[in-house]
Amino acid sequence: MTRTHQARPDAAATGTLGKAADENFPVAPFFLPRAWRDDLMAVYGFARLVDDIGDGDLAPGGADARHLGLEPAQTDDRLAMLDALEADLHRVFTTTGDGPHHPLLRALRPTVRRCALTPEPFLGLVEANRQDQKVRRYGTYGELLAYCELSANPVGRLVLQITGTASPERIRRSDDVCTALQIVEHLQDVAEDLGRDRIYLPAEDMARFHVGESDLAAPSGGASVRSLVAYEAERARDLLNEGTPLVGSVDGRLKLLLAGFVAGGRAALTAIGAAGFDVLPGPPKATTPSLLREVGVVLRRARREG
C-alpha cells in the first residue's frame, strides 16, 4: 500500500516541533521505522502545541492564533485559544469540510486515520490545559493523579495505539510510567511553575513537611523543601517501577523506545538526587551517559522479569 505522506508543518510550527530535543525522554528516535517516527512526531506536535498555549509559550507574532481563526491579539487569551484548538481538533476527525486549519493539526490528520485514533486522548490534553488556567493548587496526591490522567496518560496510550500494541494491562502500566514522568517534570520545574502561580506539590504533603509557598520562592531549597522533593521523587520512582514491566511485554525496537521513556524518568530522578533534591535554583537535567546507563538497567530488568 502506498503510504500517505504527512503534511509539512510551516514555519509557525517548526519551533514547536524543535522542543522535542528538550524532553526527558526520546520522542521519535532514529531507530524506529519511519512511519512510527512520523506518527509520533505528529502526536508530539499536537501535545506540545496545547501545552505551549496553556503555558503562554507560543512564538511571538500571532501565527498560531491566525491559524486557529483568531486575531493575533487573542494569543494571550489562553482559554479562547484552547477553545479554538479544540474546534480545529474536531476537524481532524470529520470527513466533511476543508479539514483542520493549523499546520500541526493538518500533519496529525493522516496519523489519526492510519492508526484509527480516537478524539478522547487529544481532548484530555486540551482539558488538562484548561484546568491549568483555573486550578493553581492541588490539595491531595489523589487530585494530582487525576490531573495526570488528563495531562500525561493520554500520550502513552497514543504511543500504544500508534504501534498497534494497546491492551488493558499495557495501558495500566503505561499510565504508571506517564504519571511518573509528569511528576518528575513537576519536580524539575517547581520554580518555573511557581512563577506561573502554579504549584503541583500536594498541599497535604507541603503541610506534612512544613513547607510554605514562600519556601518555594527561595533561591535554594532548605531542608524541609528537599525532604518534600525527595518524598515526591520516591513516589515517582515507585510508579516507574510499577510501569517497567511494560518494556518486557513488547519486542524489537518498540522495547527500546519504551525503555527510553522509563530510563528518561529514572535518569531525571538521578539528577534530582545528585542535586541534593534542591530543584529551586533550576531544573536538574539528566546527562546522556546517565540516560544510556538507565536504558541498560531497564532492559536488563525487563529480561529478568520476562
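User: Is E213 buried, exposed or partly exposed?
Analyst: This is a predicted model, and in it E213 has 40% relative accessibility, so E213 counts as partly exposed. The cut-offs behind that word are under 20% relative accessible area for buried and over 50% for exposed, with partly exposed in between.

User: Where does E213 lie?
Analyst: E213 lies in helix α12, which covers residues 213-216.

User: And which residues is E213 in contact with, leaving aside its neighbours within four places in sequence?
Analyst: With those neighbours set aside, E213 is in contact with R137, L194, I199 and M206. As for A203, the C-alpha atoms of E213 and A203 are 9.7 Å apart in space, and the two residues are 10 residues apart in sequence.

User: Let's zoom out. How many helices and strands does the protein chain have?
Analyst: The protein chain has 16 helices and zero strands.

User: What does the radius of gyration say about the protein chain?
Analyst: A compact globule with 306 residues would have a radius of gyration near 19 Å, and the protein chain has 19 Å, so the value agrees with that expectation. Taken along the principal axes, the box that the C-alpha atoms fill is roughly 60 × 50 × 30 Å.

User: What about contacts between residues at least 6 apart in sequence?
Analyst: Among those contacts in the protein chain, 69% join residues that are at least 24 apart.

User: And how many positive and negative side chains are there?
Analyst: The protein chain has 36 positive and 42 negative side chains, and the centres of these two sets lie 8 Å apart.

User: What do the buried residues of α7 pack against?
Analyst: They pack against α6 (120-134), α8 (153-162), α9 (168-188), α11 (203-208) and α13 (223-243).

User: You mentioned α8, so where is N153, and is it buried or exposed?
Analyst: N153 has its place in helix α8, and N153 counts as buried because its relative accessibility is 3%. Leaving aside neighbours within four places in sequence, N153 is in contact with C148, D175, C178 and T179. C148 is also one of the buried residues of α7.

User: How far apart are N153 and R196?
Analyst: N153 and R196 are 43 residues apart in sequence, and their C-alpha atoms are 23 Å apart in space.

User: Switching to loops, where is L280, and is it buried or exposed?
Analyst: L280 sits in the loop between α15 (252-274) and α16 (288-305), and with a relative accessible area of 6%, L280 is buried.

User: What does L280 touch?
Analyst: Not counting residues up to four places away in sequence, L280 touches V190, A191, D215, L216, A218, P219, S220, G221 and V225.

User: S220 is on that list, so where is S220 and what is it in contact with?
Analyst: S220 is in the loop between α12 and α13, and at 39% relative accessibility S220 counts as partly exposed. With its neighbours within four places in sequence left aside, S220 is in contact with D278, L280 and P281. The C-alpha atoms of S220 and P110 are separated by 47 Å, and these two residues are 110 residues apart along the chain.

User: What is phi for A116 and for D197?
Analyst: Phi of A116 is near 55°, which is a positive value in a residue other than glycine, and phi of D197 is near 60°, again a positive value in a residue other than glycine.

User: Where are A116 and D197 found?
Analyst: A116 is in the loop between α5 (103-115) and α6, and at 59% relative accessibility A116 counts as exposed. D197 is in the loop between α10 (190-195) and α11, and at 40% relative accessibility D197 counts as partly exposed.

Notes: Residues numbered from 1 in each chain as written. Predicted model: local features only at pLDDT ≥ 70, side-chain atom pairs only at ≥ 80, totals over all residues. Heavy atoms only, no water. Helix = DSSP H or I, 4+ residues; strand = E, 2+ residues; numbered from the N terminus. Rg over C-alpha atoms; globule rule 2.2 N^0.38 Å. Contact = heavy atoms within 4.5 Å. Lys, Arg positive; Asp, Glu negative; His and termini not counted. Charge placed at Lys NZ, Arg CZ, Asp CG, Glu CD. Buried < 20%, exposed > 50% of the residue type's maximum accessible area, 1.4 Å probe, protein only.
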